[in-house]
Amino acid sequence: MHHLRDMKNRGEKWAMLTAYDQYTAEIFDQAGIPVLLVGDSAANNVFGYDTTLRVTVDELIPLARAVANAVDRSLVVADLPFGSYQASPEQAFHTAVRFMKESGVHAVKLEGGRTVVPMVEKLTQSGIPVMAHIGFTPQSEHSIGGYRVQGRGDQAAGLIDDAVALAEAGAFSLVLEMVPGDVAAEITKRVSIPTIGIGAGRDTDAQVLVWQDMAGLRSGTMPRFVKQYADLRGILTGAATAYAADVANGAFPTDDHTF
Ligand code: KIV
Ligand code: NA
């Protein structure tokens, strides 16, 4: 955590990715990604749910365990799922302790502004590092009214106040999702903890993407903030198609593959 703050002070930018299993965690760790997030985006990207709201603590902990087991150097952060921390600081503590004990992650992430300050304080005072998350917060998609940019115009001051309050409460870093670039830049200047942007422009201290978006595994249209660095869906489709064809026409297996 200290190294992330040092990087901010030196002006060095870094990248975070989601990970939900052993091999991706191992690959991203070896690629030098300093922070891996076992996001509740596993709902959409692992479990096939249509919303983040549906993933449970019991579903996310085994994924977090797989990622934590696989890394050597990366810091592993797990999302606290919807409903597992909003009721009280005690509920947040109970859920975070489950993640720390049952999965071995190093830190947890939760969504919200000033309303979650008591939860952030409780966790950080208990020795559990907390990554905060403001702007568009998917766990509140129904009250926000869909995926939309947060912090425009009149909303900017409130978002800045949220960021400052979360940093004062002890959060070690702050995700800014779908926030205007100038507001994200202002927040990044105002807080001493690293800001991690997703759809928040180029002036945050770090960036995060869902790995299946970054590597082109998922189908469908990507949000504007995604840059796709590979076509894994194309590669896997090609491999599966070629394998099926080889089996169908007798090209696999050969004597080389036979005992
Ligand atoms: O769950 C997730 O993937 C996230 C990141 C996009 C920040 O919360
Ligand atoms: Na999330």
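Where is M178 found? Before I answer, let me say that this is a predicted model, in which local features need pLDDT of at least 70 and side-chain atom pairs count only at pLDDT 80 or more, whereas totals for chains, interfaces and linings use all residues. Residues are numbered from 1 along each chain as its sequence is written, and chains are lettered from A and ligands numbered from 1 in the order in which they are written.

M178 is found in the loop between strand 6 (173-177) and helix 9 (181-190), where helices (H or I, at least four residues) and strands (E, at least two) are DSSP runs numbered from the N terminus. Although M178 is not a glycine, it has a positive phi of about 50 degrees. For context, most residues other than glycine have a negative phi, and most peptide bonds are trans.

Now to the fold. Eight strands form a closed barrel in the order 1-2-3-4-5-6-7-8, with parallel pairing; two strands pair if DSSP finds at least two bridges between them. On average, neighbouring strands of this sheet are turned by 25 degrees against each other, direction ignored, with axes being lines fitted to C-alpha atoms, for helices over the stretch in contact, and angles running from 0 to 180 degrees between N-to-C directions. Helix 6 (residues 117-125) packs on the sheet, where it touches strand 4 (107-111) and strand 5 (130-135), contact requiring C-beta atoms, placed from the backbone, within 7 Å.

Helix 2 (residues 22-30) and helix 4 (residues 57-70) have axes that come within 8 Å and cross at roughly 40 degrees. Their contact is made by Q22, A25, E26 and D29 of helix 2 together with A66, V67, N69 and A70 of helix 4.

Let me turn to ligand 1, which is surrounded by T18, L37, G39, D40, S41, D79, V175, I198, V208 and V210, a residue being near if its C-beta atom, placed from the backbone, lies within 6 Å. D40, one of these, lies in the loop between strand 2 (35-38) and helix 3 (42-45).

Finally, the record. In an unreviewed entry, UniProt lists D40, D79 and E111 for "binding site", with positions in the numbering used here, feature names shortened, and annotations that may be inferred rather than shown by experiment. These residues span 72 residues in sequence, yet no two of their C-alpha atoms are more than 10.9 Å apart, so they gather at one spot. UniProt also places the feature "binding site" (unreviewed entry) at D40, S41, D79 and K109, and these cluster in space, with a largest C-alpha distance of 12.3 Å, although they are spread over 70 residues of sequence.

Definitions and conventions: Two residues are in contact if their C-beta atoms, placed from the backbone, lie within 7 Å.
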